[in-house]
There are 2 protein chains.
Amino acid sequence: MNGAMTHDALLAAFAARLGTPGVLLDAADKAPYEVSARHGRGQARAVLRPASRDELAWVIEQLAAAGQAFVVQGAATGLVGAATPTEAGSQWVLSTQRLRDGLEIDPVNRSAVVAAGYRLSDLNRAAAEHGLCFPIDLGADPSLGGMVATNTGGARLIRYGGVRENLLAVEAVLLHPPGARVGSTRALRKNNTGLDWCQLLAGTLGAFAVLSRVTVKLHPVQRQAATALVAVESPAAAMALLGSVEQALGEFVSAFEGLSGPALSAAVGHLPDVPAPFAKAPAYAVLLEVSSAIGPGAGFDLEALLMAWLESQLDSGLVIDAVVDKPQRLWRIRHAVSESVQALGRLVAFDVAVSRSRFSAFRARALALIGAHVPEARVCDFGHLGDGGVHLNIVVPRETGDAAIQALRTAIYETVVHEFDGSFSAEHGIGPYNQAYHRRFTDRPTRALAGALHRHLDPAARLGNVRLD
Amino acid sequence: MNGAMTHDALLAAFAARLGTPGVLLDAADKAPYEVSARHGRGQARAVLRPASRDELAWVIEQLAAAGQAFVVQGAATGLVGAATPTEAGSQWVLSTQRLRDGLEIDPVNRSAVVAAGYRLSDLNRAAAEHGLCFPIDLGADPSLGGMVATNTGGARLIRYGGVRENLLAVEAVLLHPPGARVGSTRALRKNNTGLDWCQLLAGTLGAFAVLSRVTVKLHPVQRQAATALVAVESPAAAMALLGSVEQALGEFVSAFEGLSGPALSAAVGHLPDVPAPFAKAPAYAVLLEVSSAIGPGAGFDLEALLMAWLESQLDSGLVIDAVVDKPQRLWRIRHAVSESVQALGRLVAFDVAVSRSRFSAFRARALALIGAHVPEARVCDFGHLGDGGVHLNIVVPRETGDAAIQALRTAIYETVVHEFDGSFSAEHGIGPYNQAYHRRFTDRPTRALAGALHRHLDPAARLGNVRLD
């Protein structure tokens, strides 16, 4: 096959090898693959859905040989548009949805080898049979390939780390040489033998190769957990509380989520069966989780430990009020935040991070910027305080002009990057949606390095719609 | 300055900028920098010791501009010769020993920014003042730069991960453009903004750039610990025990070290004041540590938990005998293994790893290979069983021929890589000492990628003595 092959001939070849479920051509069939979870839609030339690693490598070989541009898509839960085709209609979508040829749990090694198309929930279901879990805790249910490409973080990173910290190996298919397979499924915790495809392909948004299988660490499941919703005076008080609980309850701390007063009110207001947790709405609150893989039979009780620590903090004045309740009840409030905020008006979201020691100062500065740019905005921020992650979500009147929002976005990003040594994309990664900011904030030698990698691995620039150079 | 500058002019420029302690020329002064910790010695043209990041960048700029070859050396504790100059005498040694311009602990963020020349013990001393530690536990006391370049693992990886999992940022100096500074000291746990120098420079043995500062996560110090030395019937029984203790004592498990009978005997024999721990010398033993950042005041006692679990295992027959003792007493035995084995004769060491589920089968296979190649060898293996790491150390008669040892080495590596999907260098990394095996076991696309990186970052091939292509 070569570059001169016609579109029809290519389609015929794909249909012959992948069968009917492997090639989607009708507008209605393609539509779900053309929508980005948060930002607009594109147009796919066709959707290709290989159902095995052999088919995947073969498809990539054909596309590369024919000089075709394509974007790889997992569960399409990403928030920066990296998996959505452009509007031009010239890109194929290569979906990994059917790439489910193997999900193997090794309980002795506490690891799993997973085809890229399986979802987080699939993996956790299989791991649970062995008393194990993959502890990346997210609102969405992404594919494993997408998780690795995006290096997802989530709410329990404070205890377990993110994807990179739990990745043992990746297997991928290259565009150049077309269809070449690299990497491995070696489930090794120690392996220092030079360059590792893991490190290059985790968090680079599929810019360099197509993931086919990933090998991850598993952890023992939690056998007890206790949670508290804690009212504090300010974000600074929340951060002081974090230091205190880490020193007192150490490795048991598994989540420390910040909720601004407005975010908490919005979430509680959104859940008709949930009463207000506090007599007086607090300025800031924290959802604190402690958990352990050790069952209650071992002789310690996490809820009792948590209560004792909370009482000492009430005495010290750092805690204004606290509710200890079942984890699922308190997490329900936390998980309702995003949706409840969106129901209030037009959502403008910022996914930023700073070091924990600069969180409070950054938040104050960000609130001032928001007030100056869009005075009518309601700030309903929440975040993974344990990791310095801030979802600075605001609601603006629907008539707010795009230019004002754009100016605010640039001001927030400039501030977080240049004044606070922070990140303008903490969890969501880089896609067409924030590519211009990547270019603005990434220095020349780093972009030059990315360019060398792009040229080496995809010399004709056919892969995806993210450029890191 | 340009490539035509003479050696004398270069030296004069270095002396003028770095001063007397910054340039070592006398044979006696250079000697300590020319010895590899395990393998032979080389010859340095001169030793350059910049004392600040500015001096470091300037030195690299001069060397690169003058087309000089150099090797970077931290504390020279590596075991594969990656930091030792070649015998040709044409390489400069760039020592980071005096690169100690800044060690900043951020207790709120639980992180540290550390100049590359500080040692692990320096960092832990500074962190301890805040109740924190950098939990990479090693026999040696390497520099932080060396630790990142080698991606060191150690004995507590089962709980904390290795260097990569605890690395937040790196700052480095490039050869091309000469003296360019890249990376950052952003102490962010969440930062998904594309390519990250961390990932490229951790574990690549200084092949691509020179580390100047590293930013790492810190953890709360351990406030209680309990250890047991456990006699078991076989390595397979040890691995079954690991599964059991992880399910029973979860996140408290912080070390699970395997000791073969001969390794244990050698260590105990080496310590005159230590009595034999067991009435009958076991075929295999495990040093198990449980620990917690939570003090005894919280109401649970790790030693009691460990004893209760051990009793249940004695009942089940998996444990033959067990000694619970103070951590420092049992670790002393474990740490005596290497030295005691070396005292028995000529040491031949293998630093390999397999998945935990294949450890027992691999060890049996390796023992058979050793018996076939060098029948007189005494196998005194030990390892980080929790991570699948095996230090397959053997003692051979001093008259054993090098060819027999070389053949055995190749056979062990072939077996671990091709039959057991393992690693031929689990912890020690790649250096001149095992470079040929890297070439043998690394596939073409991975080497081609490394080649693209070498060409981009060091087009004149002047940096170090490790090639990953």
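Student: Which loop holds L205(B)?

Tutor: Helices (H or I, at least four residues) and strands (E, at least two) are DSSP runs here, numbered from the N terminus. With that in hand, L205(B) falls in the loop between helix 7 (197–201) and strand 10 (210–217) of chain B.

Student: Before we go on, what kind of model is this, and how is everything labelled?

Tutor: Residues count from 1 along each chain as its sequence is written, while chains are lettered from A and ligands numbered from 1 in the order in which they are written. Local features need pLDDT of at least 70, side-chain atom pairs count only at pLDDT 80 or more, and totals for chains, interfaces and linings use all residues, as this is a predicted model.

Student: Back to L205(B): is it buried or exposed?

Tutor: A residue is buried if 20 or more other C-beta atoms (placed from the backbone) lie within 10 Å of its own, exposed if 12 or fewer, and partly exposed in between. L205(B) isn't a glycine, yet its phi is positive, near 60°. It has 29 other C-beta atoms within 10 Å, so L205(B) is buried.

Student: And what is phi for A76(B)?

Tutor: A76(B) sits in the loop between strand 3 (70–73) and strand 4 (91–95) of chain B. With 20 C-beta neighbours inside 10 Å, A76(B) counts as buried. A76(B) is not a glycine, but its phi is positive, at about 55°.

Student: Which residues does the cis peptide bond of chain A join?

Tutor: Look in the loop between strand 8 and strand 9 (181–183) of chain A, where you'll find P177(A). Omega is about 0° for the bond, and chain B has a cis bond from H176(B) to P177(B) too. In chain A, the pair joined is H176(A) and P177(A).

Student: Which residue of strand 10 of chain A is the bridge partner of V113(A)?

Tutor: Check A169(A) as well: its bridge partner in strand 10 of chain A is T215(A). For V113(A), the partner in strand 10 is also T215(A).

Student: Which strands stand at the edges of the seven-stranded sheet in chain A?

Tutor: The seven strands make an open, antiparallel sheet in the order 15-12-14-13-19-20-17. Each edge strand has a single partner strand, so one side of each lacks a neighbour in the sheet; these are strand 15 (321–325) and strand 17 (351–353) of chain A.

Student: At what angle does helix 10 of chain A run to strand 12 of chain A?

Tutor: Axes are lines fitted to C-alpha atoms, for helices over the stretch in contact, and angles run from 0 to 180 degrees between N-to-C directions. Helix 10 (residues 302–316) lies across strand 12 (224–232), strand 14 (284–292) and strand 15 of chain A, and its angle to strand 12 is about 20°.

Student: How far apart are the centres of domain 1 and domain 2 of chain A?

Tutor: Domain bounds come from an automatic or database domain assignment, which for chain A includes domain 1 (7–95) and domain 2 (103–220). Taken over C-alpha atoms, the separation of their centres is 22 Å.

Student: Which helix gives the most to the side of domain 1 that touches domain 2 in chain A?

Tutor: Contact means C-beta atoms, placed from the backbone, within 7 Å. By that rule 14 residues of domain 1 of chain A meet 21 residues of domain 2 of chain A. The top contributor on the domain 1 side, with eight residues, is helix 3 (residues 53–65) of chain A.

Student: How many residues of the side of chain A that touches chain B are charged?

Tutor: The contact involves 71 residues of chain A and 71 residues of chain B, and helix 15 (444–457) of chain A gives the most to the chain A side, with six residues. Ala, Val, Leu, Ile, Met, Phe, Trp, Tyr, Cys and Pro count as nonpolar, Asp, Glu, Lys and Arg as charged, and the others, Gly among them, as polar. The chain A side splits into 26 nonpolar and 32 polar residues, and the charged ones number 13.

Technical notes:
Contact = placed C-beta atoms within 7 Å. Pairing = 2+ DSSP bridges.
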